[in-house]
Amino acid sequence: MKLLIVLTSHDKLGETGKKTGFWLEEFTAPYYEFLDAGAELTLASPKGGQPPLDPKSSEPDAQTETTARFHKDDKARQALANTVKLSEVSADDFDAIFYSGGHGPLWDLAEDAHSIALIEAFWKADKPVSAVCHAPGVLRNVLIDDTPLVKDKRVTGFSNSEEDAVGLTDIVPFLVEDELKKNGGDYSKAADWRPYAITDGKLITGQNPASSKTVAQALLKMLGGAEISK
């Protein structure tokens, strides 16, 4: 089982002068779910190398069991520091793709031609596409036969109320919930900050950081051939 994990290379939070990037838990929770299941993992980002970490995801109240494990894991930290360039990977070499969230993807991956083409290639090859929190925003420009990939599919992602709660509604380039709806997705959500993931066919999306593990488990279940409840 070969899985591709994609992270952002964008570190600027709009014009605020503050930093952003990927959210640590949204990488570590899936990473260890996949690793412990025996998956062979490749990490990629638009620029390659070390992806920028959202500094807020390193604050004490954002730490979890998997983030603690990561900080003690030299092999994992080395892998993260040496992501391959997104332009150098092919859907042919993997069984599924997973996008870690954080605000960064809204600026780079959502517009990245290599990312868009890669998702389209996975989809056309009938391989699972998964994303959590802000990362479902990377689907905004993905078209399958000139139709938005998310059209008429059950999806979730970081909600407008959650974005408002973190005070970034007027900072982000677009709101994930609004964009999924605009592209014809059948968007739903749970209460703010509660785990919530949806599987529709080969598409798996999660609402927020707490949903990261749930998305990873759904992907592993799908790859194992088990029946997924729609």
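Biologist: The model is predicted. Within it, which residue's side chain is joined to the side chain of S159 by a polar contact of 3.1 Å?

Modeller: S159 lies in the loop between β8 (154-155) and α5 (160-165). The side chain of S159 makes a polar contact of 2.9 Å with the side chain of E162. The polar contact of 3.1 Å joins the side chain of S159 to that of S161.

Biologist: Is S159 buried or exposed, and what is its relative accessible area?

Modeller: Leaving aside neighbours within four places in sequence, S159 is in contact with E177, Y187, K189, D192 and Q207. A residue counts as buried when its relative accessible area is under 20%. S159 is therefore buried, as its relative accessible area is 1%.

Biologist: How far apart in space are S159 and T147?

Modeller: In sequence, S159 and T147 are 12 residues apart. In space, taken from C-alpha to C-alpha, the distance between S159 and T147 is 23 Å.

Biologist: Is N208 buried or exposed, and what is its relative accessible area?

Modeller: The cut-off for a buried residue is a relative accessible area under 20%. N208 therefore counts as buried, with a value of 0%.

Biologist: With which residue's side chain does the side chain of H103 make a polar contact?

Modeller: H103 lies in the loop between β4 (96-99) and α4 (113-124). H103 is buried, with a relative accessible area of 8%. Beyond its neighbours within four places in sequence, H103 has contacts that include L13, T20, D54, H134 and E163. The polar contact of the H103 side chain, at 3.1 Å, is with the side chain of H134.

Biologist: Are helices α1 and α7 roughly parallel or roughly antiparallel to each other?

Modeller: Two packed helices are described by the angle and the distance between their axes. Helix α1 (residues 24-36) and helix α7 (residues 212-223) pack at about 30°, with their axes 8 Å apart. An angle under 35 degrees counts as roughly parallel. Therefore α1 and α7 are roughly parallel.

Biologist: What is the handedness of the crossing of α1 and α7, and how many residues of their contact are nonpolar?

Modeller: The crossing of α1 and α7 is right-handed. The contact is made by E25, E26, A29, P30, E33 and F34 of α1 and by S212, K213, A216, Q217, L219 and L220 of α7. Of the residues in this contact, two are polar, four are charged and the nonpolar ones number six.

Biologist: In which loop is D145 found, and what is its phi?

Modeller: D145 is exposed, at 66% relative accessibility. D145 is found in the loop between β6 (143-144) and β7 (147-148). Most residues other than glycine have a negative phi. The phi of D145, however, is positive, near 55°.

Biologist: What is the phi of D152?

Modeller: D152 is placed in the loop between β7 and β8. With a relative accessible area of 62%, D152 is exposed. D152 is a residue other than glycine with a positive phi, near 65°.

Methods: Residues numbered from 1 in each chain as written. Predicted model: local features only at pLDDT ≥ 70, side-chain atom pairs only at ≥ 80, totals over all residues. Heavy atoms only, no water. Helix = DSSP H or I, 4+ residues; strand = E, 2+ residues; numbered from the N terminus. Buried < 20%, exposed > 50% of the residue type's maximum accessible area, 1.4 Å probe, protein only. Polar contact = N/O pair within 3.5 Å; in protein donor to acceptor, adjacent residues only side chain to side chain. Contact = heavy atoms within 4.5 Å. Axes fitted to C-alpha atoms, helices over the stretch in contact; angles between N-to-C directions. Parallel < 35°, antiparallel > 145°, perpendicular 65-115°, else oblique. Left-handed = near helix turned anticlockwise from the far one by under 90°. Nonpolar A, V, L, I, M, F, W, Y, C, P; charged D, E, K, R; others polar.
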